[in-house]
Amino acid sequence: MTLSENRKLLLINPVNKKRKGFINDPSTRFMPLGLGIVAALTPPHWDLELVDESFEDFTFRPADLVAFTGFTANAARAYEIAAIYREAGIHTVMGGIHASMCTDEVLHYVDSVVTGEAEGAWTAFLADFESGAAMRLYEGGITDIHAVPRVRRDIYKYPYIYDLVQTSRGCPNGCDFCSVTQLCGKTYRERRVEEILDELEETTRPMLFFVDDNLINNKKGAAERAILLFKGMIDRGIKKVWFSQAALNFADNDEVLYWARKSGCNMILMGIEAETAQALKDVRKNLNLSRGVDTYEKIFRKIHRHGIGILGFMIFGMESDKEADLYARRDFILSSTIDSFQCTILTPLPGTVLFHRMEAQNRIVLNNYPADWQQYDNTRATLNMPGMAPAEIESAMHEIWLSLYNKEAMRRKMFRTLWNTRSFMTAYWSYASNHNYGRMFFENISDNHPNGVKSNFEWKNRKRSLYLMITDKVIWLIYLVSWKSMIKRLTR
Ligand code: B12
Ligand code: SF4
């Protein structure tokens, strides 16, 4: 193959055509950060173009090299596009979580695969490619965190609402259902605070998502580091409204909470997973087990006192779950002070301990890969559990989602959030987050469920309630105040 004079690297973020997930709404279309790092590692004699299918469907464009990232649920789409380029004799390469966990499979569909972190392999791959000797497999492994380059943000030409910044990588906890420990390693690797602040200064959007898995890790000095970061944002005048992921220890230190809020934290995403010790044991969520399920409310209250909302990640369909347990988890969510909730079905993501255990027990029912990977977005029952068959789990979950993500239930939660956090903006954000989850969970069921909800989350089969009519007005007020206070915050 001869290379054109201006070498062109096409970076593609493929999106599953069967289940669009979060990208159903423009407010939850996130920039693919991994490709921004690949771009940063690419020498200047390459022209770069990003195609993010969250915003536009792929159409063929010429390139010398085509690079894909991809979640497992999007892998089949990557293969579809790769086939078009391979047919045209153009080299394709794939990296990211799926390529790292299902390397042998991915090697069937692209010319080269890069596993692990791009920092450890992309330069070598490109050099080989340029000399016409690209190999099939490159192993990036785990990088020295201080060698992570500044993300090239000029490639993000789409109207993303959030900037994404990563301050650390790795997690020692190795929960059964999660692939972070496998992908990012067992130790927390923290970037230097000054370096993060410099990067934050380059970001242009008022909203920010710190994509760390545990923003405040459990290493010595983690709280001090976080305070330094949050204070640094304030000192440098970096005005953002931000959210991130953290574990229960986020609430350990009031000073952390204080500065988090002061620097713009509105919401924290927490892996609560379940409200019983048995269910936590099922997935080896030892972090929560060691704290105890009876500590949850105290932790939530502490976070709320600082005006920060809680988005709880909850998992349904654990090994010990019976139908009654699913409804009990739903009732826990409704009665707890969790503000927003992601209620997913336990899914054996490739490479996880759960995947290997379920495969050994022959419990995986959606296993026609790669086509079935399209269902691995945590909204489908992929497992035949001892207490529940997949169809039973799905049918119960449809009912549960409907009872959680209908407008009335979401509004009741919103008013509780307002009461608990005394923050219009947090109340509005948590309401909006629940809407987004509703959109994701109802993607394939809203139309065919006769007693379901319409696209505006109101019941199809019930008269509009007085509660909704009254709260419509209050919602508008909240919307106006929260919008105004956000603008004020970002421009003061
Ligand atoms: C931020 C995040 C999100 C964001 C969106 C991120 C985005 N823009 O796509 C949101 C909140 C939307 C999200 C949603 C979901 N997520 Co998520 N998410 C993450 C998280 C925490 C960080 C990802 C990130 O940005 N990392 C920072 C960048 C720099 O790292 P990276 O992308 O991995 O890239 C590095 C390498 O992988 C590699 N690389 C990546 N691409 C490429 C390409 C090439 C060519 C090369 C050479 C290298 C390379 O080099 C990069 C630099 O080192 C990860 C956990 C994690 N630590 O990875 C989970 C994770 C990716 N999510 C996961 C899941 C399951 C989901 C959901 C399905 C869960 C759910 N139901 O909510 C949804 C799916 C949404 C959808 N499809 O609609 C899983 C994916 C597992 C899998 N096998 O697919 C992860 C790994 C967490 C887990 N539990 O295991 N997620
Ligand atoms: S779920 Fe959270 S705590 Fe558990 S391994 Fe994944 S990132 Fe770590």
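1. The shell around ligand 1 takes at least three residues from domain 1 (7–144) and at least three from domain 2 (146–441). The model under discussion is predicted.

2. In total, 41 residues surround ligand 1, and the closest of them are Gly21, Gly34, Thr69, Gly95 and Gly96. Two or more residues of this shell come from each of helix H1 (33–40), helix H3 (97–101), helix H6 (180–184) and strand S14 (340–345). Helix H1 makes the greatest contribution to the shell around ligand 1, with 4 residues.

3. As to residue class, the shell around ligand 1 consists of 25 nonpolar, 12 polar and 4 charged residues.

4. Ligand 2 has its own surroundings, among them Cys171, Cys175 and Cys178, together with Asn173, Gly174, Val180 and Thr181. Asp213, Ala247, Gly271 and Leu287 also belong to the residues around ligand 2. By class, 6 residues of this shell are nonpolar, 4 are polar and 1 is charged.

5. Helix H2 covers residues 75–87, 13 residues in number. From its first C-alpha to its last, helix H2 reaches 18 Å, close to the 18 Å expected at 1.5 Å a residue. After helix H2 comes Gly89, which has a positive phi, near 80°.

6. Which residues of H2 are buried? They are Ala75, Ala76, Arg77, Ala78, Tyr79, Ile81, Ala82 and Tyr85. The cover over the buried residues of H2 includes strands S1 (7–13), S3 (65–68) and S4 (91–94), as well as H3 and helix H4 (103–109). Helix H3 is also one of the elements giving two or more residues to the shell around ligand 1.

Technical notes. Residues numbered from 1 in each chain as written. Chains lettered and ligands numbered in written order. Predicted model: local features only at pLDDT ≥ 70, side-chain atom pairs only at ≥ 80, totals over all residues. Near = placed C-beta within 6 Å. Nonpolar A, V, L, I, M, F, W, Y, C, P; charged D, E, K, R; others polar. Domains from an automatic or database assignment. Expected span 1.5 Å × (residues − 1). Buried ≥ 20, exposed ≤ 12 C-beta atoms within 10 Å, placed from the backbone. Contact = placed C-beta atoms within 7 Å.
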